[in-house]
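These are my notebook entries on one protein structure. I record what I looked up and how each term is defined.

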Amino acid sequence: MLAKRGRIGDCFSKDERIVVFPGDCLELLRTCPDETFRLIVTSPPYNIGKEYEKKLELDSYLSQQAEVIRECVRCLSPRGSICWQVGNYVDGGAIIPLDTVLYPIFRELGLSMRNRIIWHFEHGLHCSRRFSGRYETISWFTKSDDYVFNLDPVRVPQKYPGKKYFKGPKAGQFSCNPLGKNPGDLWVIPNVKSNHVEKTEHPCQFPVELVERLVLSLAEEDDWVLDPFLGTGTTIVAAVRHGRRAAGAETVPKYVSLARERIEGELAGTLRTRPMHKPVYDPVEAGNSLTAAPWTAEGDTAQMVLLEKKRSYGRSGTP
Ligand SMILES: C[S@@+](CC[C@H](N)C(=O)[O-])C[C@H]1O[C@@H](n2cnc3c(N)ncnc32)[C@H](O)[C@@H]1O
């Protein structure tokens, strides 16, 4: 019997539409048949000592990740995609970009990389001995060359929508796609920090709009989507919003409860999220009074000089 829309199951069955498994992702994966999921999207622990992880030697961490990735590949449908969203592992102040050390695992399992998406955001820790980290990556791999990829639902506004061909047989006609342009592989999407509408007590959620873009382009309606490291249920929220079926595993009970609450909120239409395509807030344009430092009231400082738009930094001696 097919499960009622709105029910949240706690173990995997193709009769469900939503599954939140309270436990280890490997246990969940071992109950899933081969080739089940059209899209697997996740942000795994980064091995940086967050409250939900035990910091391991890098090699042990990579072996653990390889075990999960191997099971994910078994459960991935032939036209399916895996999107692994990671940042840096930090070892005594030196960074190791995790996507670079995870890449060989995916390649050895026969997957092909389609994009290495840079997710850029403005907020995070301020570093004093290196430039502050303001991006993470999403490595997108497919199982075959015949993979689901729908661009139209994720197109973004053209920069010059009124632009026309000025010569040739199409002169006078609009030269760009009226549905919008390909969003490219640099995604500027605010991260979920304290004043983000989606913030919960989880220390590192990813935003729903980031996953929506992947769900809409890499899976179709009624396809199964999986997040093995579910956290607060963001992937399931994005999948359910667009009529996909979705499953995830989470080991920490308080995050399992949060995930269930957020999914129920989504089903009831009460979950607040940042809408896809909302422009990133520009505090100066918005007239925010906090954009001028009080200590600059008496005149320019070096910081204010940096904000002068017309200053030329060309040949020395010229203004
Ligand atoms: C980076 S967070 C993911 C956050 C998620 N993307 C969100 O938006 O809320 C990783 C999550 O994986 C969970 N986790 C760690 N090891 C796990 C395992 N073996 N199986 C399932 N979940 C695990 C952690 O408790 C944590 O909530």
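**Entry 1: The enclosed helix**

I began with α4, whose buried residues pack against β2, β3, β6, β8, β9 and α5. I take helices (H or I, at least four residues) and strands (E, at least two) from DSSP runs, numbered from the N terminus. Two residues are in contact if their C-beta atoms, placed from the backbone, lie within 7 Å. The model is a predicted one, in which local features need pLDDT of at least 70 and side-chain atom pairs count only at pLDDT 80 or more, while totals for chains, interfaces and linings use all residues. Residues are numbered from 1 along each chain as its sequence is written.

Why is helix α4 described as largely enclosed by the rest of the structure? Nine of the eleven residues of α4 (residues 208–218) are buried, so the rest of the structure largely encloses this helix. A residue is buried if 20 or more other C-beta atoms lie within 10 Å of its own, exposed if 12 or fewer, and partly exposed in between, with C-beta atoms placed from the backbone. Among the buried residues of α4 I noted Val208, Glu212, Arg213 and Leu218.

**Entry 2: The sheet**

I then looked up the strand order. Eight strands form an open sheet with mixed pairing, in the order β1-β10-β9-β2-β3-β7-β6-β8. The edge strands, each pairing on one side only, are β1 (18–22) and β8 (186–188). Neighbouring strands of this sheet are turned against each other by 15° on average, direction ignored. Two strands pair if DSSP finds at least two bridges between them. Strands of a sheet pair through backbone hydrogen bonds, either parallel or antiparallel.

In strand β2 (residues 37–42), six of the six residues are buried. β2 runs parallel to β3 (residues 76–86), and five bridges join the two; Thr42 has Trp84 as its bridge partner in β3. β2 also pairs with β9 (residues 224–227) in the parallel sense over two bridges, where Ile40 has Leu226 as its partner. Strand β6 (residues 112–120) pairs with β8 in the parallel sense over three bridges, and His120 stands opposite Val188 in β8.

**Entry 3: Helices on the sheet and on each other**

I found helix α5 (residues 234–241) lying across β1, β2, β9 and β10 (245–250), at about 175° to β10. Helix α6 (residues 253–268) packs on the sheet and touches β1 and β10, its direction making about 165° with that of β1. Axes are lines fitted to C-alpha atoms, for helices over the stretch in contact, and angles run from 0 to 180 degrees between N-to-C directions.

Helices α2 (residues 58–75) and α3 (residues 98–108) pack at an angle of about 40°, their axes 10 Å apart. The contact involves Leu62, Gln65, Ala66 and Ile69 of α2, with Val101, Leu102, Ile105 and Phe106 of α3. By class these are seven nonpolar, one polar and no charged residues. Ala, Val, Leu, Ile, Met, Phe, Trp, Tyr, Cys and Pro count as nonpolar, Asp, Glu, Lys and Arg as charged, and the others, Gly among them, as polar.

**Entry 4: One glycine**

Is Gly248 buried or exposed? Gly248, found in strand β10, counts as buried because 27 C-beta neighbours lie inside 10 Å. Not counting residues up to four places away in sequence, Gly248 touches several residues, including Val20, Phe21, Leu226 and Ile236.
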